[in-house]
Amino acid sequence: MTDHQPSPQYLPGTHPDLPPPVRTTGPIAWMRINLFSSPLNIVLTLASVWILWSLLPPAIEWIFIDAIWSAGDRKECWAQMDAPRDGACWAFIRGSFELFVYGWYPEPERWRVNLSFLLLVIAIFGVLKDNLPGKKYWLWFAVFFPFIAAWLLVGGFGLVPVGTQKIGGILLTIIVGVTGITFSLPLGILLALGRRSHLPVLRAVCVVFIEFIRGVPLITLLFVASTMLTYFLPPGSSFDLLMRVLIMVTIFAAAYIAEVVRGGLQGLSSGQYEAADALGLTYWKAHRLIILPQALKISIPGIVNTFIGLYKDSVLVLIIGMMDILGLGRARLNDPLWLGLAPELYLFIALFFFLCCFSMARYSLGLEKKLRTGHKQ
Amino acid sequence: MKDNSSQASNPLTRLWRNQESRGVIIQIITITLLFAIIALIGRNVVINLAALDKEFSFTFLTWPAAYDIGFSPFLEYTSQSTHLKAAAVGLLNTLLVAITGCIFASILGFTLGILRLSKNWLVNRIAYTFVEFMRNVPVLIHILAIYSLIITLMPPVKKALDLGGGQFFISNRGFYMPSPVFEPGAWMVGVAMIVAILSVFLFRRWAKKVQDNTGKIYPVFWISIGIIFGLTGIVFIAAGMPLSWDVPALKGFNFKGGMAIKPEFLALWLALSYYTACFIAEIVRAGILAVSHGQTEASKALGLRNNRVLQLVVIPQALRIIIPPLSSQYLNLTKNSSLAIAIGYMDITATLGGISLMQTGKEMETMILVMGVYLLISLCISGYMNWFNRRIKLTER
């Protein structure tokens with residue numbers, strides 16, 4: 001092969017392009033650059049391959065190939081395998097799926113839960129989608145959604161009332177998450193503004209509140225909600241445990257949001273404040289029209305991170321005895337029919353949370369990129 | 001001539017329109033509201049407690065606790081001990097898992113962060129998948145899953161897995177390893193170690209001074225290692241090796257001797273560490289990426305070797321970005337350690353805020369104490385990290 005010697009039969013400049021050398025493009029070159037570029041990299045690559053080789057095939061076999069999808073109980077499941085626990089018993093998750101989604105919500109009323117899920121999807125779509133005709137009305141719908149959903153789920157006013165102790169599973173997880181997310185943002189913004197106020201008393205109150213909430217674990221606040229809060233209320237009065245938990249979760253998330261928003265407010269140049277003052281805008285007008293739109297834009301990644309944290313923290317309600325998806329799952333593990341199928345359960349719940357939180361994180365990343373194009377550095 | 005906007009007839013309106021007096025009014029309203037709320041809550045608490053025939057006092061701390069704590073490595077604790085002692089055991093357990101967790105999370109987090117930056121595609125992707133999966137699943141699920149893995153998949157004590165030469169064992173009741181036994185004369189080794197650490201500290205300061213003045217660089221790291229191990233080793237041999245190992249051995253139904261790490265601690269520590277490590281990995285990665293490439297190029301142009309570039313240019317600048325979020329991760333780990341209650345690891349939330357609360361019915365007192373303890377820990381950590389942050393901050397002219 002003497003391809004690299006220009007043949008005399010071509011006029012200068014007319015030789016057809018040769019394929020690029022194997023060493024610089026193509027899969028072999030890619031591997032040389034990305035996997036085997038130095039002795040250390042060769043070692044790392046071999047170690048990684050070994051780890052994947054020893055972990056992946058057994059995992060795939062356990063999760064998919066040897067798994068059993070339909071069975072009445074664990075014994076039936078294991079009877080279908082070569083040996084007990086050889087594969088995953090997904091029949092357990094399938095059999096409990098309705099319980100995991102709805103909790104003990106009464107069967108004939110479950111259309112209300114489905115309708116709320118549908119409305120939630122619509123509300124999220126309305127908030128996230130750009131260039132939607134009538135965006136304002138979509139946003140208003142999203143603002144009112146928590147109240148509509150609360151009416152749908154709890155009932156009253158023409159619907160059969162359903163006790164909040166019947167709410168459980170993924171439904172409870174989503175209720176805690178969505179309520180916390182919706183109400184902690186405005187509260188957090190107010191706290192952040194209070195912390196940056198020029199009035200010393202207002203500032204002190206906000207600082208103490210924020211630092212106190214951020215200094216203690218959420219569990220202790222939930223304990224307060226479940227055991228101690230009744231002491232603070234007028235004698236004889238009591239209100240729903242779910243309500244108390246929602247308030248605590250909202251307050252907890254608001255303190256973190258406040259710190260994120262404060263970061264955003266500090267990131268603005270003081271020229272923006274001065275310009276707003278020079279235009280003669282009042283405090284609230286200046287913040288609504290000039291300061292907050294810019295500050296919130298900077299703090300979007302932090303806010304979404306706080307929301308993800310809040311969503312993950314919603315599983316802690318299990319510790320004060322509320323049955324979210326994790327609580328129900330663990331209760332189901334003690335069922336003699338499904339005793340000891342913990343790996344299947346935790347994998348399923350982990351996957352559920354991973355899908356929710358990872359998509360939130362990816363969306364925030366995309367949003368960040370989109371907003372950054374406005375002012376290239 | 002009348003200016004309508006500034007000459008309002010009502011004096012109250014005039015007060016409200018003046019920025020200074022409006023500030024005073026708002027603050028007075030805030031204080032009044034605050035005190036009204038506190039007074040209302042106080043009144044409700046007094047009435048409610050009286051109705052339940054309860055008294056607000058901390059004397060319950062001296063009552064016998066009457067419950068067992070399975071894991072108390074630092075204090076002698078029996079069920080006859082007081083609630084105060086139970087709380088102290090819980091606090092020490094919290095601190096134990098928080099400190100060991102922070103150390104392991106930092107090591108793992110920095111490793112993962114550097115692997116995430118690796119140019120090796122496969123390593124990079126594996127680290128990415130691990131970090132993204134782990135940090136998007138609630139830490140409570142990690143804790144419960146690891147715990148149930150240890151409990152259900154590990155063999156029972158009688159068939160404990162031998163992990164190495166009859167010294168290390170793991171079973172569903174925990175991890176067993178040899179524990180050091182100090183013989184008379186061991187104190188000399190301890191003193192030698194303290195002296196070695198002090199002299200390393202002084203040596204580093206001296207070396208930095210020399211470097212600042214003359215530019216001469218000593219191999220500080222290797223000399224430090226040499227001092228610590230050399231001095232301690234010489235004294236250890238000179239004192240007649242006053243240290244032996246107590247090896248765990250299976251006797252009857254359980255292991256005797258050695259150190260046993262309970263599955264509760266193991267699960268909590270592992271789960272908290274790798275969960276937090278995933279967040280630390282992202283922080284480290286972002287910090288190193290934030291040091292502009294020009295810095296690396298400039299230092300290479302000055303003729304610095306690769307490790308010097310890292311040590312003198314990249315890491316000091318990256319640390320400034322890394323430290324503040326890192327400290328909040330340490331705080332998170334400490335606060336997340338309160339999830340111990342879910343698997344029965346006896347930390348401060350599980351002892352004082354859990355069993356003591358249930359037994360004495362002193363919800364207010366126990367919760368105030370537990371929250372106070374966490375606040376104090378948080379203040380200490382953030383105070384220390386602020387001090388550290390100030391120390392490495394860019395000194396501007």
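The largest nonpolar core in this predicted model has 151 residues. Those with the most contacts inside this core come from both chains: Leu222(A) and Val245(A), together with Leu140(B), Ile141(B), Ile143(B) and Leu268(B). If you are wondering which element gives the most to this core, look at helix α8 of chain B, residues 263-290, with 16 residues.

As background, nonpolar side chains in soluble globular proteins tend to be buried together.

Now step back to chain B as a whole. Its secondary structure amounts to twelve helices and eight strands. The radius of gyration of chain B is 29 Å, whereas the globule rule gives 21 Å for 397 residues, so chain B is more spread out than a compact globule. The C-alpha trace of chain B spans about 95 × 70 × 45 Å along its principal axes. Of the 397 residues of chain B, 30% count as buried. Among contacts in chain B between residues at least 6 apart in sequence, 67% join residues at least 24 apart.

Domain 1 of chain B covers 11-51, and domain 2 is made of 83-136 together with 264-392. Between the C-alpha centres of these two domains there are 40 Å.

Is Ile234(B) buried or exposed? Ile234(B) counts as exposed, because it has 12 C-beta neighbours inside 10 Å, and a residue is exposed at 12 or fewer. Ile234(B) lies 42 residues from Ala192(B) in sequence, with 9.1 Å between their C-alpha atoms in space.

Finally, follow chain B to its partner. Here 46 residues of chain B are in contact with 42 residues of chain A. On the side of chain B that touches chain A, at least two residues each are supplied by α2 (19-51), α4 (121-135), α5 (139-153), α11 (348-360) and α12 (363-392). The most comes from α2(B), with 13 residues. By residue type, this side of chain B divides into 29 nonpolar, 13 polar and four charged residues.

Methods:
Residues are numbered from 1 along each chain as its sequence is written. Chains are lettered from A and ligands numbered from 1 in the order in which they are written. This is a predicted model: local features need pLDDT of at least 70, side-chain atom pairs count only at pLDDT 80 or more; totals for chains, interfaces and linings use all residues. Two residues are in contact if their C-beta atoms, placed from the backbone, lie within 7 Å. Helices (H or I, at least four residues) and strands (E, at least two) are DSSP runs, numbered from the N terminus. Ala, Val, Leu, Ile, Met, Phe, Trp, Tyr, Cys and Pro count as nonpolar, Asp, Glu, Lys and Arg as charged, and the others, Gly among them, as polar. The radius of gyration is taken over C-alpha atoms; the globule rule is 2.2 Å times the number of residues to the power 0.38. A residue is buried if 20 or more other C-beta atoms lie within 10 Å of its own, exposed if 12 or fewer, and partly exposed in between; C-beta atoms are placed from the backbone. Domain bounds come from an automatic or database domain assignment. A nonpolar core is a set of buried Ala, Val, Leu, Ile, Met, Phe, Trp, Tyr and Cys residues joined through C-beta atoms within 7 Å.
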